[in-house]
Amino acid sequence: MSRALIRRLTALSEAHEAAAPPGVPGPREPSSLVVEGSLPAPVVLADRPDGTVVRAGRTVAKAHAPDCDAAALAVRLRIAAHPRLHGTLLPPLPVTGPDGHLARYDDGRPLTRWPYGLPVAPDDPDGAPWEDAARLLARLHAVDPETLPGPVPPMRGPAKAARALARMRAASIEAVPSLAAAARTVAAGWAALPAWARDEAPAPGPGLLCHGDLHLGQLVRYPVPDGRWLLIDVDDLGVGEPGWDLARPAAWFASGLLAPEVWARFLGAYRAAGGRAVRAEGDPWPELDVPARALTIQTAALAVAKAAPEGRPLDEVESALVDSCARMVR
Amino acid sequence: MQCPKCHAPMHTYNRNGVQIEQCSGCRGIFLDYGELESLTRLESQWSQQAPPPPPAPAPQAYPAAPAWGAPHHGHHGHHGHHGHRSFGRMLFSS
């Protein structure tokens, strides 16, 4: 963790907090967390190579990945702030001006500022807002990219999958023989994917507006604590194959990790909302097969990459994904 | 897997519990050992039911799954990892 970066993010967050007049009705934390006349202590919500997030009261500030394409991120921020995405994506807060949603850290990393939203409770996956997530995706996929600020960048799902494979290949797996075997299986599944899913060719078809990295950490309620659910994290948003946004739950279900009832709730809500990534009824797997294979492989590759430095074999959940990879190529 | 006839890649689908490979080129279908018998069995079950009862949608039907999916054994056992801590983290990570 870079203390200087945390300080910068805290300052960015607190500047907005301090600017907001006290006592204004609207998006407020439960009052116990906001002490009149003083700012709440900042909290580091995430500190990973691909992003650091600090919260101060009702505001969070994020430092994006050092290799982030700032020009593409600027377009993604304008999309998140666009009226067409109102009620679907959490809009960013201005940083440098009314339309300026992006500042730069000393090392060039983009910094952004957002209202704090309440995340999904981590201990109750069945109670998670699966239907809301599905409806938000259906709404997102219905937005015509031509009507948005552009140029709308490509959805980064395949690029992230390729990056996961690169991480797995760079990991030292020799110390644990079962990891080496798992890595071979994952690599074989990867080789069997079509080139577009490996980020080696453009995606077929015109593509739709996609989130690009859907999981339960990408949903917040705003305003807290009982506002509507919104999608956050636009770093991978763009035009692409919309099945990618359904592919993580699809992969979890296919690998026996997500209860079939929960998958049926999610898919049913997506279809009921007119979602365009899959046919309206019948077997959705012709559309989901390639993206769900890619997400299964991506998650398995990251599991191998994370287990390697810990010198441990995969746990049963991670192994279930590698088993799926094995069935893809048998 | 490649099509033995035209060498285009073959994709796997699950139809009524029977796994079939279909060629993306010539649309030819490849059946594994025992799958033809499974199809014949399904067909005979269908013809025995004549006149067929109205096809009531089965709300409890198991959702369609890909051929590479985990084998499932009814509603119990399939999601044995459900609630596992490792899966709990996976639900929230990129």
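This is a predicted model: local features need pLDDT of at least 70, side-chain atom pairs count only at pLDDT 80 or more; totals for chains, interfaces and linings use all residues.
How many helices and strands make up the secondary structure of chain B?

**View 1. Secondary structure of chain B.** Chain B contains 2 helices and 3 strands. Read from the N terminus, its elements follow the order β-β-β-α-α. Chain B has 94 residues, of which 14% count as buried. Among the contacts in chain B with a separation of 6 or more, 18% join residues 24 or more positions apart.

**View 2. Contact between chain A and chain B.** Chain A contributes 32 residues to this contact and chain B contributes 24 residues. On the side of chain B that touches chain A, at least two residues come from each of β1 (10-15) and α2 (85-90) of chain B. The element of chain B that gives the most to this side is α2(B), with 4 residues. Sorted by class, the side of chain B that touches chain A holds 12 nonpolar and 12 polar residues, and no charged residues.

**View 3. Domains of chain A.** Chain A is split into domain 1, residues 3-115, and domain 2, residues 157-329. A distance of 28 Å separates the C-alpha centres of domain 1 and domain 2 of chain A.

**View 4. Contact between the domains of chain A.** Here 12 residues of domain 2 of chain A meet 16 residues of domain 1 of chain A. On the side of domain 1 that touches domain 2, helix α2 (residues 70-81) of chain A gives the most, with 5 residues. That side of domain 1 of chain A comprises 10 nonpolar, 4 polar and 2 charged residues.

Note on methods. Residues are numbered from 1 along each chain as its sequence is written. Chains are lettered from A and ligands numbered from 1 in the order in which they are written. Two residues are in contact if their C-beta atoms, placed from the backbone, lie within 7 Å. Ala, Val, Leu, Ile, Met, Phe, Trp, Tyr, Cys and Pro count as nonpolar, Asp, Glu, Lys and Arg as charged, and the others, Gly among them, as polar. Domain bounds come from an automatic or database domain assignment. A residue is buried if 20 or more other C-beta atoms lie within 10 Å of its own, exposed if 12 or fewer, and partly exposed in between; C-beta atoms are placed from the backbone.
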